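Here's a protein model to explore.

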Amino acid sequence: MAASPIRVLPEEERIARLRAYGVLDPDQSLPALDELVKRAQNVASFPMAWLSFFDGKRERLRARAGVSFAYIAREESFAFAFEPAGSPVFIEDLAAGDQRTHPLVASGPRARFVGILPSPRRTGACWARSRCWIRSRAS
């Protein structure tokens, strides 16, 4: 059975849903998201992983492991570097392609592999921009 195409919600509706779910509130504890990131990180021994949501201005790392930053500017976000927004993206060697000058590749954590997955709902609507797993050059 073929998968249904992912429908990207209009920005205002998407942000309203994220606010309703509480994922944009940094003071709200969401241990299920932390557990999801920890499990994803452990499955493939990724030194860095995060689950993030775009709040209209920047990518907010709502659950994260192996990184100290909590936000990424839209222009530096891997989630916005690849289109279309509703498609999974996996890049084995960021340093070998167009992303080699990206700040997270050229400096900082020196990312090498990235996996970006949209978060669709059962309705087919994409309400979150990405889940991201990163392996650094040192790994």
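## Rings, charges and a strand

The charged end of Arg 58 sits over the ring of Tyr 71, 3.6 Å from the ring's centre. Here's the rule: NZ of Lys or CZ of Arg has to be within 6 Å of the ring centre and within 35 degrees of the ring normal. Arg 74 does this too, lying over the face of Phe 54 at 5.1 Å from the ring centre.

A quick note on the source: this is a predicted model, where local features need pLDDT of at least 70 and side-chain atom pairs count only at pLDDT 80 or more, while totals for chains, interfaces and linings use all residues. Residues are numbered from 1 along each chain as its sequence is written, and side-chain values use heavy atoms, leaving out hydrogens and water.

Now for rings meeting rings. Rings of Phe, Tyr and Trp (its six-membered ring) pair if their centres lie within 6.5 Å; planes under 30 degrees apart are stacked, over 60 edge-to-face, and the rest tilted. That gives 2 aromatic pairs:

| Pair | Centre to centre | Between planes | Type |
|---|---|---|---|
| Phe 46 and Phe 113 | 5.6 Å | 5° | stacked |
| Trp 50 and Phe 69 | 5.6 Å | 75° | edge-to-face |

How buried is Trp 50? Its relative accessible area is 2%, so Trp 50 is buried (under 20%; exposed is over 50%, partly exposed in between, with a 1.4 Å probe and protein chains only). Phe 69, at 23%, is partly exposed.

Trp 50 belongs to strand E2 (strands are DSSP runs of at least two residues, numbered from the N terminus).

How values were computed
Helices (H or I, at least four residues) and strands (E, at least two) are DSSP runs, numbered from the N terminus.
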